[in-house]
Amino acid sequence: MADIESFREETRAWLETNCPPSMRTPMAGEDDAVWGGRNYQFKNPEAKLWLERMGAKGWTAPMWPKDYGGGGLNNDENRVLQSEMRRIQARPPLFSFGIWMLGPVLLEYANEEQKKEYLPKIVRGEIRWCQGYSEPGAGSDLAGLQTKCEDKGDHWLINGQKVWTSYANYADWCFCLVRTDTSVKHEGISFVLIDMTTPGVETRPIKLISGSSPFCETFFTDVKISKGNMVGRLNGGWEIAKRLLMYERTNISGFGSNTRVDVIDLARDHVGLEGGKLVDADLRARISAHKMAERAYALTTARAQEEAKAGANVSHMASMFKVAGATLNQERCELMVEAAGNRGLGWSGEGFAPEELAVTRSWLRSKGNSIEGGTTEVNLNVVAKRVLGLRDTQ
Amino acid sequence: MTFTLNEEQRLLKDAARDFCSEQTPVSRLRKERDAKKNGRDPELWREMAQMGWAGIIVPEEYGGAGLGYVGLGAVLEETGRTLAPSPLLSTAMIGASALILGGGDAQKAQWLPKIASGEAIVAFAVDDGAHHAPGRSALKVGGGKISGEKKYVADGHIAEVFIVSGADGLYLVKADAAGVSRRELFTVDSRGAADVTFKDAPTEALSGGAATRDAVLDRARIGLAAEMLGQAQAAFEMTSEYLKTRKQFGQVIGGFQALQHRAAKMFTELELTRSCVYAALDALDRNAENVAEYASLAKARAGDTVHLVSNECVQMHGGIGMTDEHDAGLFLKRARVAEALFGGATFHRDRYASLLGF
C-alpha cells in the first residue's frame, strides 16, 4: 500500500511538471484527437510535446512491458495513473488503433523480432496503423474474405480490395487479413502487416451520411511484402483476427462514455423546465430511462473489471458490451437531436453553433456503431452461441 | 464500491441456494396455492428464522447477526429464484430497517429481538390508493392515535405489527390494537396481502420523519429488486433450457435466430440489472449519499427486466407456458406484483429524473 501511495505522489508530480497547460482542457471535438504517425500535422505544439513525453515514459501504453517501450505498470499502478490524469483533466496523448487493437495481439502472437520492431513505434505514436478486415464481399461474414496472398518464394504477393478501412488515407501501416488457402474458409486466412507506401497500395476515402470520411476503400495490386511480415503461423490468422475483434469491440463499446454535452443540459436549455421538471414529460421519461441504462452499463463495466481482476474469464462479454454500448450511444444521439429541436437539424454555415452542428453529425455518425466492428446482429449471434450455448440451425 | 461477495456473504448465499432448492422449490408455492394458504407458511418462516435470516441486519445486541444489506440481498435473490413464499422482505429487510433507522431505544428493545427470532412478522403499509404515492397520504395522526386506510399491504394479513407510512413519517401500529381492522386479499401471486383500516388506533411514531420513511422505502425497493433479480434469473434459465430441448421442424428451437437474439437480449438486460442491484445493496452498506438514486435505478431496471423475462418465458414456451401446470405462469404472476410494489418503473423513472435535477 505504501508503494502505491508513493507511486501516486511521483505520478502526480511528474504530470504536474510534464502535462502542458492546454492539454489539461477538455477536447473541443474529434479534431483535437492526436493520432500520430509519419505525416501527422500537430495543430498545437503542446500536443506534440505531451505525446513525446508520455511516449518516452511508455504511458501511452501503460501496461505493456518496458522491453517493448510500454510503461510496465501493473493494474493498480495503471489505475492510479488514470485517476491522476483525470484529476488534472489531462487529454489522452494519443488515439491509436495500434494501442487499442494491434498491440495486444502482437504481444500475444508476434515473434520477438516483430515485437521489438513494431511495438515501441506504436507507443511513441511514430507509426499510425489501419485495419484491413472487411471486403466488398465479406462484411458480417468476415471469414469469406478473398484478398489473395501468394507465396512467391522470397516474398508474399498481395492482390485484392479492402473496405471500411478506418483512416487508411492517413495510415502508415495496415494490419490485414488475407487468404492464403482457397480450399478452406477459416483455416485459410493469415494475418499480415503491410507498409502503406509499398507500390501497388491505393486508398480512396468514402463519404458518409454524416458528411465525414473516416473510412476508405483500400486497393492492393501486386503488392510485395517481406516474408517476415506475417504474424503467427501461415493459415493461423483467424484466431488472431477474432482476438483483435474482441479488443476492437470493447473499444467501440466505450464510445458513448466520452460525452461532451450532456443530454440533460441540452434538454434543460432547449425544452425548458417547469417546477423543476422538463416540460416535455414523455421526453423526460425517455431521458431518465436512458440515464439509467447508461449507469447500468457503467456499473457492469466496473463489475466485469472487478471480476477479471479476481481471475474470472470475462472475455466472452465483449460482444455483449459491444451491443449494449452501441445501442446506448445511438439512443443518446437520438435523444440529443430530439432535445435540441430545430437546433439539431442544421448541416453547415453560421446559422448554427459548432456544438449544434456536432449534435447532427454525431447522430448520423452513430448509425455506424451497430455496424462497425461486427454488426449488432452478428454480436447477438456470438452471445447466443458462445455464452448461452444455443445451437445453430443445422 | 464492490460487487464481489466476501467469504461470509458467499457462505450465506450458498446456504440460501441449498435451502431454497431443497426446502422451498417452486412446487412448495404451488402446493400452498392449491391449498388456498394465501402465503401462510409459518413452518417455512420458522425454518428461515432458524437459518438466521430474519436477523441478518439486526445488530448483535438485539439478537441478530449484525451483517449488512449485501448479505441479506444475496438471500433475497435466492428466495426469488424459487418464489419462496415468506415475509422475509417485509420483516427482515423493511421491519428491521425501520426500527434500526427510526426506532428509539425502547422500541428497538421491544421489537428487534422478536424480529431477529422470527417471532414477529412485520408488514409495511404504504399506499392509500391503487398507485404508489408515498408523499401523498391522507393518514391522520395526533395524540398517539392514527386514522387512515392502506391498500394492498404485502404480508398485511399475517403481520403482528405494521410500519405505517404517512406524508410526514413512519408509525408503528400493533395489528391486534383496538381500531385496526384488516381485510385479507387473495392476490394473483398467491402470496396474499391485506387492506388495512386504522380508526383512532394507538400508535408510536418512529423518528426522522419523511427522511426515515424514504430511507426505509429505498431499502424495501432494493431488497425487492434483489428478489426480482433472482426471479428473472430463474425464469431465464428455465427458458434457456427449454430452447435447448424443445424440437420443432426437426431441430431444437434454440437454433432459430429469431429466438437466439431475444435470448441474448434477455441475458444482456439481466447482466446490466444485476450490476444495479449489487451496487444498490453495496451503497446501503457503504452508507452512500445517493442511495435514493441507486434504489430507483435498481427497482426500475429490475422491474423492466423481470417483466421482459417473465413474458418471454411464457411466449417461448408456447402453449405449455399458458397452462396452469407449468411454472412459467407462477413467475409471471409474482413478477407483476413485484413490479408494482413500492413503485413501478414509471414511478422510479420519474423519481430518478427529479433526483438528477430535470
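**Chains A and B: a short walk through the model**

Let me begin with contacts in chain A: among those between residues at least 6 apart in sequence, 69% join residues at least 24 apart, where two residues are in contact if their C-beta atoms, placed from the backbone, lie within 7 Å. Please keep in mind that this is a predicted model, in which local features need pLDDT of at least 70 and side-chain atom pairs count only at pLDDT 80 or more, while totals for chains, interfaces and linings use all residues. Residues are numbered from 1 along each chain as its sequence is written, and chains are lettered from A and ligands numbered from 1 in the order in which they are written.

Chain A has 11 helices and 10 strands; these are DSSP runs numbered from the N terminus, with at least four residues (H or I) for a helix and at least two (E) for a strand. The C-alpha atoms of chain A fill a box of roughly 75 × 55 × 45 Å along the principal axes. Of its 394 residues, 41% count as buried, meaning that 20 or more other C-beta atoms lie within 10 Å of a residue's own, whereas 12 or fewer make it exposed and anything in between partly exposed.

Chain A is divided into domain 1 (2-123), domain 2 (129-235) and domain 3 (254-387), with bounds that come from an automatic or database domain assignment. The C-alpha centres of domain 2 and domain 3 of chain A lie 31 Å apart, and 6 residues of domain 2 are in contact with 7 residues of domain 3.

Where does Ser140(A) lie? Ser140(A) sits in the loop between strand E1 (129-132) and strand E2 (148-151) of chain A, and it is partly exposed, because 13 other C-beta atoms are within 10 Å. Leaving aside residues up to four places away in sequence, Ser140(A) touches Thr375(A) and Val378(A). Ser140(A) and Lys152(A) are 12 residues apart in sequence, yet from C-alpha to C-alpha they are 31 Å apart in space.

Turning to chain B, we find an open sheet of 4 strands in the order E2-E3-E7-E6, with antiparallel pairing, where two strands pair if DSSP finds at least two bridges between them. Strand E2 (140-142) and strand E6 (180-185) of chain B stand at the edges, each with a single partner strand, so one side of each has no neighbour in the sheet. E6(B) and strand E7 (residues 193-202) of chain B pair in the antiparallel sense over 6 bridges, and Arg183(B) stands opposite Asp195(B) in E7(B).
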